[in-house]
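Work through the exercises below with the sequence and the 3D view open. Try each task before reading its solution.

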Amino acid sequence: MIEYIKGELTELAPAMAVVEAAGVGYGMNISLNTFSAIQGKKEVKLYVHEAIREDAHVLFGFASKKEREMFLLLITVSGVGPNTARMVLSSMSPAELCDCISTGNERMIKTIKGIGLKTAQRIIVDLRDKIVSLGIAAEIPAGGAIQQPVNSEVKEEAISALTMLGFSPAPSHKVVMQILKDNPDMPVEQVIKTALKLIK
């Protein structure tokens, strides 16, 4: 089992990071929270979850152990697979998710793509006691400041990330253009988070 991968960050997109360690480049699926945390860094340490299926061996990378713990809890819920869990952690921070679970805010969780009312209710019922017993709820700080994007290609990066997350390019383009028209200085991760709430 791989616990973490530490090395040079050679490629970074909002949904994928490539870390080179000992001459091997590891491609890892990441959430927007992790993207924000490692943006601009040369050396990174990502905690890993391996999803081994018959047709693929997929790595998920997390900037913190707490985010990985939330991911592992989410995939224990019936109806929530790894990609849906990543979508949840791209739509809200672990702290916000803990807050929604502990307060029973199913309406907020239901706004995430791929999460219906029943799944939102299951997440709350299944995980409410677990986040308290594991101490995740108490230890996760409120979300940090959102960084400015490192380049001006926010539109392409946002559309690319949305496409990787399973959305069609056309509606993604339309929503991203509308968001950037209203908020020209919005960082790419915020554009994607906003788009996730608007694309149906």
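**Exercise 1. Which residues does Leu74 contact beyond its neighbours within four places in sequence?**

Solution. The model is predicted. Start at Leu74 and set aside the neighbours within four places in sequence. The contacts left are Val80, Ala85, Val88, Leu89, Leu97, Ile123 and Leu127. The largest nonpolar core has 59 residues. Leu74 and Ile123 have the most contacts inside that core.

**Exercise 2. Locate Ile2, then decide: is Ile2 buried, partly exposed or exposed?**

Solution. First, the location: Ile2 sits in the segment before strand E1, which spans 4-13. Next, the accessibility. The relative accessible area of Ile2 is 25%. Buried means under 20% and exposed means over 50%. Ile2 is therefore partly exposed. Tyr47 is 45 residues away in sequence, yet the two C-alpha atoms are separated by 8.3 Å. Finally, list the contacts. Not counting residues up to four places away, Ile2 touches Val48, Glu50 and Leu59.

**Exercise 3. Describe how helices H9 and H10 pack: what is their crossing angle, and which residues make the contact?**

Solution. Take H9 as residues 169-182 and H10 as residues 188-198. Their axes come within 10 Å and cross at roughly 125°. The crossing is right-handed. H9 contributes Val175, Val176, Ile179 and Leu180 to the contact. H10 contributes Val191, Thr194, Ala195 and Leu198. Sort these by class: seven are nonpolar, one is polar and none is charged.

Definitions and conventions
Residues numbered from 1 in each chain as written. Predicted model: local features only at pLDDT ≥ 70, side-chain atom pairs only at ≥ 80, totals over all residues. Heavy atoms only, no water. Core = buried A, V, L, I, M, F, W, Y, C linked by side-chain atoms within 4.5 Å. Buried < 20%, exposed > 50% of the residue type's maximum accessible area, 1.4 Å probe, protein only. Contact = heavy atoms within 4.5 Å. Helix = DSSP H or I, 4+ residues; strand = E, 2+ residues; numbered from the N terminus. Axes fitted to C-alpha atoms, helices over the stretch in contact; angles between N-to-C directions. Left-handed = near helix turned anticlockwise from the far one by under 90°. Nonpolar A, V, L, I, M, F, W, Y, C, P; charged D, E, K, R; others polar.
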